[in-house]
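Open the structure in your viewer and keep the sequence panel beside it. Here is what to select, stop by stop.

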Amino acid sequence: MIDLKYLQNNFEDASSKLQKKGVDTAILEKLQELFTALKAANATLESMKAEQNSMSKLFGQYKREGKDISELKAKVDANKEAMVPVQEKAREAEEALYSVALAMPNFPDDSVPEGADEEDNVELRKVLEPRSFDFKPKEHWELSEINGWIDFERGVKLAKSRFAILKGEASRLERALINFFLDTNRAKGFEEYSVPFINNATMLQGTGQLPKFGDDLFKIEDEDLYLIPTAEVPLTNMYNDEILSEKELPLLMTGYTPCFRKEAGSAGRDTRGIIRQHQFNKVEMVAIAHPDKSEEVFDLMVQNASDILTALGLPHRVVELCGGDLGFSAATTIDLEVWLPGQNQYREISSISNTRDFQARRAKIRFKDGKKNRLVHTLNGSALAVGRTIVAIMENYQNEDGTIEIPEVLKKYM
RNA sequence: CGGGAGAUGUCAGAGUGGUCGAAUGUGCCGGUCUUGAAAACCGGUGAGGGUUAUACCUCCGGGGGUUCGAAUCCCCCUCUCCCGGCCA
């Protein structure tokens with residue numbers, strides 16, 4: 001959630017920041033209004049409560065002194081009755097505020113480039129030259145057919161469309177990649193975790209998926225539980241509603257989980273192959289950082305993900321997202337896009353974001369800064385998306401006859 | 001899933017209707033003493049909101065109720081532990 005006090009005190013600045021994300025100033029004015037209304041309603045209610053409390057305290061005294069309480073009781077009863085509508089008003093004001101505030105995206109950093117969509121993202125650098133082929137490189141689903149790696153039909157049979165089965169070498173490759181990613185992250189200082197794949201609504205709200213993006217989540221019937229769309233949710237929320245000590249920071253975490261996404265609104269996009277599935281595997285990095293040091297942690301995470309791709313021999317480029325393409329919770333995001341020769345284009349394989357204090361405020365993750373409690377910064381990034389890495393290996397390591405080489409670094413894992 | 005017990009501050013653990021945001025111990029921070037440390041002693045030490053700062057409001061697992069007043073009484077839920085069932 002954005003800092004409402006900041007909005008109130010720096011309205012011009014806040015609204016120009018959010019314009020980058022395409023947020024209309026009118027809704028911000030509304031938000032500011034709701035915030036002011038809530039404060040006013042609370043002030044009224046609290047003073048009535050104070051009066052009520054002080055009168056109630058007199059009862060004990062009166063009884064001890066043997067005084068008559070009937071007059072006092074009449075006063076208290078009247079005040080109590082008068083409080084009911086005020087209380088209701090305050091409750092409504094709070095509800096109104098949060099329904100808007102929780103749907104408001106994070107402020108982008110000032111450094112984030114202007115732009116409407118992915119067309120305006122800024123390429124920072126390219127890493128590794130794409131290999132030149134002396135034949136026409138095939139797309140991964142063609143290669144899958146030749147090698148018998150992916151069973152699309154039976155995946156659909158078991159669940160529905162956008163589910164697939166990896167078979168034989170492909171399945172082993174997936175397992176090898178997960179281990180390789182985890183080992184590499186661990187070597188960089190990220191502690192490994194194995195977490196629940198189902199989280200409750202409070203946690204999903206903490207990281208920003210709820211309440212606005214519930215349609216993208218698989219919900220467990222009759223339970224307050226959801227399949228996680230990314231390990232960012234459980235890893236970040238491990239510290240939900242906790243106060244850390246400064247010396248624990250930064251907390252660097254990594255974990256492998258499957259990710260479940262309804263992909264609502266993505267109908268017709270990437271329907272072929274396993275680029276976009278309802279279930280996919282991912283190894284995630286999450287960091288809980290001191291607010292003054294989140295920048296360097298961010299750089300470490302970008303570098304780590306890029307190094308993994310380099311180690312796999314996969315050409316990629318580093319792209320800074322523009323305001324319009326930035327996710328809901330992110331203040332800044334760098335995507336790594338891997339080269340897919342079959343598709344003849346770069347495709348996202350990792351996305352690393354600094355959410356600053358946006359998630360920390362929602363999830364109440366703080367640390368002791370001297371006497372005061374201060375919000376941490378939270379960061380997350382893929383290292384890496386496993387399914388898309390398989391696609392990248394298939395397309396980049398294909399031979400003319402459709403067979404696929406295994407990258408050197410993975411051989412000891414298979 | 002059925003039966004029993006419980007949920008209080010870092011932890012342990014008092015508190016069964018008013019002056020309790022909460023005894024005591026412990027942990028942590030600071031100080032005295034010490035060459036230094038330990039011990040001992042002294043002081044401080046939950047969170048959120050609000051205020052220039054005070055006042056003040058809220059929080060004793062969560063939600064609802066009774067009452068002028070609830071950590072304390074009632075109802076529902078969740079979680080933990082024990083017993084049984086089921087089970088990788």
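Helices (H or I, at least four residues) and strands (E, at least two) are DSSP runs, numbered from the N terminus. This is a predicted model, in which local features need pLDDT of at least 70, side-chain atom pairs count only at pLDDT 80 or more, and totals for chains, interfaces and linings use all residues. Residues are numbered from 1 along each chain as its sequence is written.

**Whole chain.** Select chain A. It has 12 helices and 15 strands. Its C-alpha atoms fill a box of roughly 100 × 45 × 45 Å along the principal axes. Of the 414 residues in chain A, 50% are buried. Buried means under 20% relative accessible area, exposed over 50%, and partly exposed in between (1.4 Å probe, protein chains only).

**Strand 1 to helix 5.** Select Leu128. This residue sits in the loop between strand 1 (122–127) and helix 5 (140–147). Most residues other than glycine have a negative phi, and most peptide bonds are trans. Leu128 is partly exposed, at 36% relative accessible area.

**Helix 8 to strand 6.** Go to Pro211, in the loop between helix 8 (201–207) and strand 6 (225–227). A cis peptide bond joins Leu210 to Pro211, with omega about 5°.

**Either side of strand 7.** Pick Asp241, in the loop between helix 9 (232–237) and strand 7. Phi of Asp241 is near 60°, again positive. How accessible is Asp241? Asp241 is partly exposed, at 48% relative accessibility. Finish at Pro250, in the loop between strand 7 (242–245) and strand 8 (251–260).

Note on methods: Chains are lettered from A and ligands numbered from 1 in the order in which they are written. Side-chain values use heavy atoms; hydrogens and water are left out.
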